[in-house]
Amino acid sequence: MADPVTWVAVGTTVAGAAMSAAGQRAQGKAQARAAQYNAEIAERNAKVAKQKAEWRTLVNKLSNVEFREDFRREVIAPTIVAYNKAGVVADSGTARLVMEESAREADEEIARRTMVASVEAGEFEEQATNFRLNANLERLYAKQYKTAARYRAASTMVQGFSRGASLLAGA
């Protein structure tokens, strides 16, 4: 039978292993909580990016309506008035061609603005996607941290029992 000193050594070895295992599990839980928090932040950022994309699209539509109104008021109407004052019929001949060209240029400007807004909205959508992917990755990390901590803790306990058994066997 082992002497009391050996039993104290075994007890402290096993207790030390248990404390180390508890610390490893606590560390794993803390890392998992941090990763989950990061996932929540990424999800929030994804929502904000999605809202920015929607906002950019809406602003573009409103801007296009405003541009058309300004174009009619500042370009078309004064041109028609000028033609009428000059005695030119605005809906035929060169005057009509000039008005059609102006309208084409306005349509091209609106198409350009819409394309730019679409690209910007797409960039925000891409940010949202990346944030969601990051959130998923962080949730995966959270699970892995917990699993790894459990395995480290179990390994520490096995090593502690093994050292304790070795101490007893050598006594």
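Is Tyr 145 buried, partly exposed or exposed? Tyr 145 counts as partly exposed, at 31% relative accessibility (buried is under 20% relative accessible area, exposed is over 50%, and partly exposed is in between, using a 1.4 Å probe and protein chains only).

## Ground rules

This is a predicted model, where local features need pLDDT of at least 70, side-chain atom pairs count only at pLDDT 80 or more, and totals for chains, interfaces and linings use all residues. Residues are numbered from 1 along each chain as its sequence is written, and side-chain values use heavy atoms, leaving out hydrogens and water.

## The Phe pair

Rings of Phe, Tyr and Trp (its six-membered ring) pair if their centres lie within 6.5 Å; planes under 30 degrees apart are stacked, over 60 edge-to-face, and the rest tilted. That rule gives two aromatic pairs. One of them is Phe 67 with Phe 71, stacked at 6.2 Å centre to centre with 25° between the planes.

These two sit four residues apart in helix 1 (residues 4-85), about one helical turn; helices are DSSP runs of H or I, at least four residues, numbered from the N terminus. Phe 67 is buried at 17% relative accessible area, and Phe 71 is buried at 16%.

## The Tyr pair

Tyr 141 and Tyr 145 make a tilted pair, 6.2 Å centre to centre and 40° between the planes. Both belong to helix 2 (residues 93-170), four residues apart, or about one turn. Tyr 141 is partly exposed, with a relative accessible area of 35%.
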